[in-house]
Amino acid sequence: MKKRKTILDVAGMKDSGEKISVLTAYDYPFAQLMDQVGIDIILVGDSVGSVFSGYENTLPVTLDEMIYHTRPVVLASEQALIVTDMPFMSYQVDLSEARRNAGRLIKEAGAQAVKLEGGENLAETIAAITAIDIPVMAHIGLTPQSIHRMGGFKVQGRQEAQAEQIMTDARAVEEAGAFAVVLEGIPAKLAAQVSAELSIPTIGIGAGPDCDGQVLVIHDILGLCDKYSPKFVKRFADVRQIISDGIGTYINEVKTGVFPGEEHSFK
Ligand code: KIV
């Protein structure tokens, strides 16, 4: 049995300059594969709503859905730190609801940490959750749960005032006790400044090469979705084609009687 990484290991990686690898997973097989290959952190993202459930965005995802998807990821993994997303409206109403819901993700789902979207505006919530010993990863910049305020998935922090707010957000989440922060959809130069100033690790997605780590959605890097792919996504394999070929061959062999053969039949 391998030793599971902790938030202390992740902090140590920033200190030693080792980049932190993060991928999303929402089920047992993917979590097991990436854990065995050596991923540092598995994020059970609320992107499950888009890439698994087919929702238009992450807003409809519920806490029960996050618990359902986190459990198999925890069971399948031995060495990765498991962080799970707090979905929209599970932490915004008040502090006691935020604490209770973060607690459910740890107690019922087995995650080691939670992630929530917000900076200065959510600092009190981050402090309240960390005060009951639940590690929090913050998420600032382009925050998908704020799609209606942002008017779409747009790069944040290009204007000076916005960039200053992102810097303020970064300082606020560190001060509130977050153990790491996701920087999404911000200019690479700004992400580099934030990463240099903070003592906690920054995990970038569409935030350039100077973050302390990188996160991407597993379906995006494997080409599993046929949806629009943002500029920051690199496709590392074309699994969709492989699956499609396999299914096509199965259909053909069933229709032509090639499958099942004698070797697949009982005497
Ligand atoms: O929901 C998610 O998958 C995320 C990452 C892409 C950062 O929040």
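Me: Leaving aside neighbours within four places in sequence, what is Gly-223 in contact with?
Reply: Gly-223 is in contact with Arg-235, Ala-237, Asp-238 and Arg-240. Contact here means heavy atoms within 4.5 Å.

Me: What kind of model is this, and how are residues numbered?
Reply: This is a predicted model, where local features need pLDDT of at least 70, side-chain atom pairs count only at pLDDT 80 or more, and totals for chains, interfaces and linings use all residues. Residues are numbered from 1 along each chain as its sequence is written, and side-chain values use heavy atoms, with hydrogens and water left out.

Me: Back to Gly-223, buried or exposed?
Reply: Gly-223 is buried, because its relative accessible area is 1%. The cut-offs are under 20% relative accessible area for buried, over 50% for exposed, and partly exposed in between (1.4 Å probe, protein chains only).

Me: Where does Gly-223 lie?
Reply: Look in the loop between helix 10 (218–221) and helix 11. Helices (H or I, at least four residues) and strands (E, at least two) are DSSP runs, numbered from the N terminus. Gly-223 and Val-233 are 10 residues apart along the chain, with 9.9 Å between their C-alpha atoms.

Me: Zooming out, how many helices and strands does the protein have?
Reply: There are 11 helices and eight strands.

Me: What about domains?
Reply: The assignment gives domain 1 (7–236) and domain 2 (240–267); such bounds come from an automatic or database domain assignment. Taken over C-alpha atoms, the centres of domain 1 and domain 2 are separated by 40 Å.

Me: Changing topic: where is Ile-42, and is it buried or exposed?
Reply: Ile-42 sits in strand 2 (residues 41–44), and it counts as buried because its relative accessibility is 0%. Not counting residues up to four places away in sequence, the residues that Ile-42 touches include Leu-23, Met-34, Val-73 and Leu-81.

Me: And Gln-214, which strand is that in?
Reply: Gln-214 is in strand 8 (residues 213–216). At 34% relative accessibility, Gln-214 counts as partly exposed. Beyond its neighbours within four places, Gln-214 has contacts that include Ile-20, Ser-21, Val-22 and Ile-203.

Me: What about Asn-57, where does it lie?
Reply: In the loop between helix 3 (48–51) and helix 4 (63–76). Asn-57 counts as buried, since its relative accessibility is 11%.

Me: Which peptide bond is cis?
Reply: The bond from Phe-259 to Pro-260 is cis, with omega near 0°. Pro-260 lies in the segment after helix 11 (239–256).

Me: What's the phi of Met-89, and of Asp-133?
Reply: Met-89 has a positive phi of about 75° although it is not a glycine, and Asp-133, also not a glycine, has a positive phi of about 70°. Most residues other than glycine have a negative phi, and most peptide bonds are trans.

Me: Where do Met-89 and Asp-133 lie?
Reply: Met-89 is in the loop between strand 3 (81–85) and helix 5 (95–107), and counts as partly exposed at 42% relative accessibility. Asp-133 is in the loop between helix 6 (123–130) and strand 5 (136–141), and counts as exposed at 70%.
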